[in-house]
Amino acid sequence: MSSAPPRFGANYTPSQGWFHHWLDFDLDEVRADLDSIAGLGLDHIRVFPLWPLFQPNRTLVRPRAVEQLVQLADAAAERGLDVNVDGLQGHLSSFDFLPAWTRTWHRRNIFTDPDVVAGQAEYLRTLAAALAGRPNFIGMTVGNEIAQFAAAPHPDPDRITPAQAGSWLDRLLAACEDGAPGRMHLHAEYDASWYQDDQPFTPAHAARTGAVTAVHSWVFNGTAQRHGATATATEHHAAYLVELSKAWALEPHRPVWLQEVGAPAPHIPPEHAAAFTAATVANALDCPDLWGVTWWCSHDVSRSLADFPELEYTLGLLTNDRRVKPAGQAVARIAAQWRDREHRPAPRTCALVVDAGDEETAPRRSVCAPGGPVFEAFARLTADGARPTTVLASRADDTDHLAARGITEVVTPEQAGLPARPATRTAP
């Protein structure tokens with residue numbers, strides 16, 4: 001079990017022009033942004049190329065765009081910041097960015113068309129290879145919440161099966177490894193992978209594919225609406241996803257990266273954002289095997305840009321003129337407290353049983369969603385002072401599995417629903 005200090009970072013949202021800054025790339029503006037991020041005491045950023053700008057044609061990955069990405073990574077290194085790069089953008093803040101060679105007259109399934117997948121693989125390999133020699137390059141993330149293209153509620157999904165999703169991930173992660181061997185390459189999906197029964201990107205994909213498990217925690221998914229801004233369920237939502245992922249992991253101490261988490265208004269009122277941020281990060285840090293926390297996002301979106309959902313404008317740790325916000329101050333304090341400090345929280349010995357059906361496809365995973373029995377039981381246990389984790393029903397009697405994870409008692413959602421601390425059975 002790793003005891004390295006946890007990592008603290010930000011998803012880099014350029015203060016000038018949002019991600020459209022790639023069209024008018026200004027290295028001085030980027031450097032100023034990175035200065036403000038480094039000033040918070042953070043150690044890494046997650047960076048988002050826009051896929052259509054970097055690969056406007058299936059057989060053209062623009063050298064100038066790749067060069068600008070490398071310049072950004074080098075500027076980050078000068079400020080002590082490591083860099084993770086998401087390749088397939090894909091989807092950001094309600095906007096889709098898919099290249100023309102996958103749409104309309106060239107409409108092809110982005111997960112199964114062999115030419116499209118070959119183009120994606122070459123694109124990711126090219127980005128990874130360009131950064132492979134940089135010591136501050138963490139690795140590639142295949143794309144940002146790319147699962148949202150594969151099922152409803154997307155208005156025009158590219159339908160696939162879980163098996164096809166797995167094959168696609170294997171192919172593209174191999175391309176990342178080919179470009180930059182030995183780096184931490186992963187994929188990242190939004191919470192539909194954990195909560196939506198028919199989402200083809202499954203919990204097993206998230207917890208078993210790639211170097212680490214990534215979770216994205218957003219309490220506007222029904223959590224804050226159901227429980228309120230200051231409720232246990234809301235302030236522990238990120239910790240819940242970290243621990244939920246462990247039910248499907250094959251390795252007992254697989255690292256989990258809280259790769260996105262934010263304080264969305266009005267679900268989290270602005271005056272409560274700092275307290276929510278501090279509580280969310282503290283609760284996540286109480287999870288063993290946490291690789292790090294990467295806040296969404298570094299800078300607010302300028303009000304000069306139109307048509308964003310209202311909550312997207314104010315998620316930054318800093319304003320779009322680079323002033324530190326209360327949430328930024330909270331993250332800076334936590335990062336300073338944990339610098340060079342060993343991260344070794346006590347094992348979570350109480351496991352909540354998750355029965356979502358077949359391990360690979362999880363056809364009943366909505367039991368884990370807000371309002372579902374697993375989610376609500378986890379919140380009740382936590383509010384009652386327990387520190388629960390999760391275990392699949394198929395492993396609830398597996399003594400070796402439970403012992404490897406330090407689990408000594410197993411609780412069903414029905415037991416956790418009792419008004420007092422539930423009676424539990426000792427792990428076999």
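Guide: In sorting a lining by class, Ala, Val, Leu, Ile, Met, Phe, Trp, Tyr, Cys and Pro count as nonpolar, Asp, Glu, Lys and Arg as charged, and the others, Gly among them, as polar. Here the lining of the largest pocket has 13 nonpolar, nine polar and five charged residues. This is a predicted model, in which local features need pLDDT of at least 70 and side-chain atom pairs count only at pLDDT 80 or more, while totals for chains, interfaces and linings use all residues. Residues are numbered from 1 along each chain as its sequence is written, and side-chain values use heavy atoms, with hydrogens and water left out.

Visitor: Which residues lie nearest the centre of the largest pocket?

Guide: On a 1 Å grid over the protein atoms alone, a pocket is an open set of points with protein on both sides within 12 Å along at least five of seven lines, whereas a cavity is a set where a 1.4 Å probe fits but cannot get out; lining residues have an atom within 4 Å of a point. His91, Ser94, Glu145, Tyr190 and Phe220 lie nearest the centre of the largest pocket, among 27 lining residues.

Visitor: How many cavities of 30 Å³ or more does the structure hold?

Guide: A volume is the space filled by probe spheres set on the grid points, which are joined across faces, edges and corners. The structure holds three such cavities; the largest has a volume of about 70 Å³, and its lining includes Lys246, Glu251 and Arg405.
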